[in-house]
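Visitor: I am new to this structure and would like to learn how to read it. Could you walk me through it?

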Amino acid sequence: MPREGILVPNPYERITDEQVQQIHQASLQILVDPGLICFSKKAAEIFRGNGAEVTTTSSGDNPCWHIKIPEKLVKEALDSAPKTVKLGARNPDNALIMKGDEPRVYFISGSETNIWLDVDFPTYVKKSDNSVEIQVPEFHPRRATVADLCQSAHVCEHLETLDGYIRTVNIQDEDITEDNKDVNKFFASLNNTTKHFMSGLTKLEQLDNVVRMAELIAGGKEALKENPIISFITCLVKSPLQFVEDTTDTFIEVCQRGLPTVVSSSPQAGTTAPIKEAGIMAQINAEVLAGITLGQLVNKGTPLLYGSVPVRARMDTLGDSYGAVETSQYNIDCVQMARFYKIPNYSTSGVCDTKIPGQQASIERLFSDIVVTMSGPQYLHCAYGLLDGNAVFCLLQAVLDDAHFQMLKFFLRPARINQPELNEVLKQIKEVVATPQKLYIRYIRQVMRSGEISLPYPFEGDGESDSVFALAYQRMNELLAKPIEYIAPDTTAKIFQEIPGLLPRLNVYKEGK
Amino acid sequence: MTEDDIVARLKENVIQGRKTQQDEGIDEKLSGTPGVVELTRLALEKNIKPEEIINKALTVGMRVVGEKYSTKEYFIPDMLASAEAVGEAMDILKPLLEAANVETKGKFAIATLKGDTHDIGKNIVAILLKGAGYEVNDLGTDVPTEKIIEFIRKESPDYLGLSALLTTTMTEMGVVIEALKDGGLRDRVKVLIGGAAVSDEYAQEIGADAYCVDGFHAIKVLDSFQRAKSN
């Protein structure tokens, strides 16, 4: 049985059917005029071979191609792209089944940050009264390591609401190089979680190694096809409208192997996309359609996700403003576009502008988490633990986010109003009204224990004290103390034998560990 | 069923908060079996003494409920259900206790004051205190001062609980206390106040004996008065 996620009843729609059509038509126009600049020779040849108008041009010293994608190719790609995509998992019960026309939401971690935020709780003494002490959280940023990646995968494994794991940090240990980064980040993550694992690839040359690793874990080539425990995210189109060489080549290779891939585009309204909603929507949709078309031309029927990470520019720095309200609007529009094409959607919420956990982080995250979830994306990169845009990961924040998602999941349960339910409560009302106290409390008890009543906020302190961080920290350590279901010893041995570049310290069965 | 079985089941039903056979309780296995009311009657039929019913089943059961509440296994609805069940048992036992000259813990009258019809808090306090072994007289809501004074004069309760949710009706508490003084009744009854509108400071200001945050606090306050009395 796959994970249930949460099926959103009556998903929120921000744009009308007519507006969806208008965006679709505008995107088709963009794909022809101005078309896209392509820095990947392979992609240019694939498009040319399939009837797109491709002209050779250059950008500085680099050769590139100008591609105009005709509507016919887009339409065929949309027809052949799978409408249901399965993302497997080491534990098959953690598999995710995503149908493009079903608003079933899965909550996912991510993205890849350079900074890991440690937290501790030093004690402060009140100047005017030494007997008064308080503990205040302090956050310390540092470069992330492979041990951090293991730790975050471990905690994410035990976060109840988290359905899938996108690698959280960029591993920057001294012995990590461009050549061994991929195999180590895949192994570290897969060994510490039995949930689905998605990642980008640093070096195309490592693709076969990580695929082989996944085959060994899944039980062979065919088993991996049946249960794709890994998937990839590729930002092949850089906004505005440019196929980037390395990521496009990676994308082509992944598609050839038939593994699930996100076609992701991340335009910034105001700089790399028009500031107006109509503009960024027409452009991002065109960029994603271009990627989907390429993927289907490479391997008809290869599973793809419509990936959307649109964001508005900050007016003060021109950096990404994930906390901006418009960012959520764009994401919801993309969810609707993906549903129009019936292709499962990878959407974004929960990314915030603030640098440390706190009130601003909670407000920004919860706002976008609620509104984007309500629109019913299938694969919601809701960024457990992510802070400062995509720059910082904090495990404590991930634990805090889990509490938000518990509320959200509870809220989205279908209303239990039906005739038998009404018959029962009508009887109850009659009985209670006839009693002297006129209280329904007696009827709460079994309902309370059936899971029908939402739980209180788990990090509520006593009295007037705000103990949210301290209690979440305690919870984080409880999760870290939980057991890890590592990859079996014989499989681990095979992986270390066959896959080059793995750090010996990641082998948990190694003598002395 | 032996006497020990009856007492054990009575205690278990107090813990489960099952007032009668129809009650659902927590453990589904008990569904349809006799509750506290039926078992109390059965106990009396089997000539188990009322004191034994109280000490070995009701009090012990409520102690377990209290422990479960303090460890957060139980919540207020569980406490109330158990307290209500014990209250029902006490109603059955009351005539027998009176006939045997066994005193209850104390007599407690409670009322929501004139102009205020909110009674959730008052009712909860009444249920909990009854479950804790106090004899409770609930005078109702929107009760005029004269009616309260008349009750105190006639029934001589040990304690009077006054409840007000509204800031517009809380001043009536002071009026009741003044009326008790005027009627020469103030020394006969301890006055406790509670409700969202009032506070400890307000209790002192109007000359009440105590302010109770909630029903559980009210039990503690009353128990401390009882202890002071017996010392």
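Guide: Here is a short tour of a few features, one at a time. Please keep in mind that this is a predicted model.

Visitor: Let's begin with the two chains. How many residues of chain B are in contact with chain A?

Guide: For a question like that, we list the residues on each side of the contact. Here, eleven residues of chain B meet nine residues of chain A.

Visitor: Which helices of chain B each supply at least two residues of the side that touches chain A?

Guide: Those are helix H4 (76-99) and helix H5 (120-131) of chain B. H4(B) gives the most to this side, with four residues.

Visitor: And how do the residues on that side of chain B divide into nonpolar, polar and charged?

Guide: On the side of chain B that touches chain A, seven are nonpolar, two are polar and two are charged.

Visitor: Now chain B by itself. Into which domains is chain B divided?

Guide: A domain assignment gives domain 1 (3-99) and domain 2 (107-230) of chain B. Their C-alpha centres lie 27 Å apart. The contact between them takes nine residues from domain 1 and seven residues from domain 2. H4(B) turns up again here: on the side of domain 1 that touches domain 2, H4(B) gives the most, with eight residues. That side of domain 1 divides into six nonpolar, two polar and one charged.

Visitor: Let's turn to a helix in chain A. How many residues has helix H12 of chain A, and how far does it reach?

Guide: We compare the span of a helix with the expected one. Helix H12 (residues 395-411) of chain A has 17 residues and reaches 25 Å from its first C-alpha to its last, close to the 24 Å expected at 1.5 Å a residue.

Visitor: Which residues of H12(A) are buried?

Guide: Among them are A:Leu395, A:Leu396, A:Val399, A:Leu400 and A:Phe405, and also A:Asp401, A:Asp402 and A:His404. The cover over the buried residues of H12(A) includes strand S7 (104-108), helix H4 (146-158) and helix H15 (468-480) of chain A.

Visitor: Finally, a single residue. Why does A:Gln283 count as buried?

Guide: For burial we count neighbours, and 20 or more within 10 Å is the cut-off. A:Gln283 counts as buried because it has 25 C-beta neighbours inside 10 Å. A:Gln283 lies in helix H9 (residues 277-298) of chain A.

Visitor: Which residues does A:Gln283 touch, leaving out those up to four places away in sequence?

Guide: A:Gln283 touches A:Ile30, A:Ser239, A:Pro240, A:Pro267, A:Ala273 and A:Pro274.

Notes. Residues are numbered from 1 along each chain as its sequence is written. Chains are lettered from A and ligands numbered from 1 in the order in which they are written. This is a predicted model: local features need pLDDT of at least 70, side-chain atom pairs count only at pLDDT 80 or more; totals for chains, interfaces and linings use all residues. Two residues are in contact if their C-beta atoms, placed from the backbone, lie within 7 Å. Ala, Val, Leu, Ile, Met, Phe, Trp, Tyr, Cys and Pro count as nonpolar, Asp, Glu, Lys and Arg as charged, and the others, Gly among them, as polar. The expected span of a helix is 1.5 Å times one less than its number of residues. A residue is buried if 20 or more other C-beta atoms lie within 10 Å of its own, exposed if 12 or fewer, and partly exposed in between; C-beta atoms are placed from the backbone. Domain bounds come from an automatic or database domain assignment.
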